Amino acid sequence: MSSRVSYDFIIAGMGCAGLSMAMHLINSKVKFEKILILDKDLKNINDRTWCFWTKEKNNWYKPIIFNKWDSFIFKSNDFEKKIKLSPYFYCMIKGIDFYSYCIDAIKKDNRFEIVTDSILNIKSENDLGILTCSNQTFQSKFIFNSALRTQQIKSNHVNYLQHFKGWFIEAPEYVFDLNHPVFMDFSVDQKNDCRFIYLIPQSKHTALIEYTGFSPNLIDDDEYNHELNNYIKNNLSIKDYRIIETEKGSIPMAESKFTNNFGKNVINIGTAGGSSKPSTGYTFYFIQKNCQDIIYQLEKNANKIIAPSRSKKYLFYDSVLLNVMNNKQTSSKKIFVDLFKKNLPINLLAFLNEETTFIKDLKIMNSVEKLVFIKSAFKVFFKN
């Protein structure tokens, strides 16, 4: 094997986290001459959609926001509400738009090099990050890693997945409300679980319909297809439609933490770095926050980075919710209905974005079944 090739930074993985890190570096005051960004393949298919809410009006990804809304709909069998989001906006970014925009910007910046290869190993050695591929070994002061994940699974922890399958469909008639995406529709059969539909309109006759579950295990493809078809025909009364694209995936919603076994010169980002919120699976917004944190540190001191970590307060809240969902003493549907029915949207969205004070947290907590949550809180507190 040839000698190591050196870079200022290496970005391992070209998913949302890796490409976001590259864009934050491009737009920063951090000084660098050579950055390697590496993945086993180039991102050239529309494999996912990111939706999130933000108060920011100007950010690096603004040009690729497919649509944004100042309200959305929350639904259940016996409750429906159009929720005004101000000062937040609910935003949607298509995967292919994100990949194309980022990769185009990276290719235009001659400080970056893109390599497609399989990553075999990452480690820290002699105050450097070392990345080994099938054909080459590279080194840099820091490696930003989203490609390899290590998770310390504990038997007494609740480790769920947010799993989903979505169809982009085209209907022959104008049936979709462009002004109001459906954030969650719990009117589907819960099957003693937590299941709901996202409906994100693209035009008056096209939309993303996504069937989503929170549970320990995935479901098979036939069940996804059955539930999607059933919802489209029975809930939306669309008898004739065409599937344009499909997306499918899963996101960890876990009490068990992702750990860094690669040493101090490897900084985990994305899901590997804890950016997937354990209670909701939301990731995009937290990736941007963590990248901003890293950039802030690099601009102050290019030789030291402390990996961003989430507040212990919110980690505790997330664990309590996961335990309540897992114990099934109350339905997950009821939890979310209570949250959206009894709280001001601005307070709830800020809570889910981890932007609230403890006083506001207490108001949110007061809207759910207190005894059930108190029991779970004690259980979480006394876990090892």
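## Salt bridges and sheet packing

In this predicted model, lysine 277 forms a salt bridge with glutamate 354, and the closest N and O atoms of the two side chains lie 2.8 Å apart. This pair links distant parts of the chain, since lysine 277 sits in the loop between β17 (266-268) and α4 (284-300), whereas glutamate 354 sits in the loop between α7 (345-352) and α8 (358-365), 77 residues apart. Both partners, lysine 277 and glutamate 354, are buried.

The count for the model comes to 24 salt bridges, and three of these pairs are set out here.

| Pair | N to O distance |
|---|---|
| Lysine 277 and glutamate 354 | 2.8 Å |
| Glutamate 223 and arginine 195 | 2.6 Å |
| Arginine 48 and aspartate 47 | 3.9 Å |

The side chains of glutamate 223 and arginine 195 meet in a salt bridge with an N to O distance of 2.6 Å. This pair, too, links distant parts of the chain, with glutamate 223 in helix α3 (residues 221-235) and arginine 195 in strand β14 (residues 194-201), 28 residues apart. Arginine 195 has a relative accessible area of 6% and is therefore buried, the cut-off being under 20%. Glutamate 223 and arginine 195 also belong to a network of salt bridges that links them with Lys191, Asp193 and Glu227.

For the salt bridge between arginine 48 and aspartate 47, at 3.9 Å from N to O, the relative accessible areas are 28% for arginine 48 and 21% for aspartate 47. Arginine 48 is accordingly partly exposed, and aspartate 47 is likewise partly exposed.

Turning to the sheet, 7 strands form an open sheet in the order β6-β5-β13-β14-β15-β12-β16, with mixed pairing. Because β6 (80-84) and β16 (242-254) stand at the edges, each with a single partner strand, one side of each is left without a neighbour in the sheet. From one strand to the next, the twist averages 15°.

At the β6 edge, strand β5 (residues 71-75) runs antiparallel to β6 and is joined to it by 5 bridges, and isoleucine 73 stands opposite lysine 82 in β6.

Two helices can be described against this sheet. Helix α6 (residues 332-342) packs on the sheet and touches β5, β6, β13, β14 and β15, its direction making about 140° with that of β5. Helix α3 lies across β12 (159-170), β13 (182-185), β14, β15 (206-215) and β16, and runs at about 50° to β12.

Key: Residues numbered from 1 in each chain as written. Predicted model: local features only at pLDDT ≥ 70, side-chain atom pairs only at ≥ 80, totals over all residues. Heavy atoms only, no water. Salt bridge = Lys/Arg side-chain N within 4 Å of Asp/Glu carboxyl O. Buried < 20%, exposed > 50% of the residue type's maximum accessible area, 1.4 Å probe, protein only. Helix = DSSP H or I, 4+ residues; strand = E, 2+ residues; numbered from the N terminus. Pairing = 2+ DSSP bridges. Axes fitted to C-alpha atoms, helices over the stretch in contact; angles between N-to-C directions. Contact = heavy atoms within 4.5 Å.
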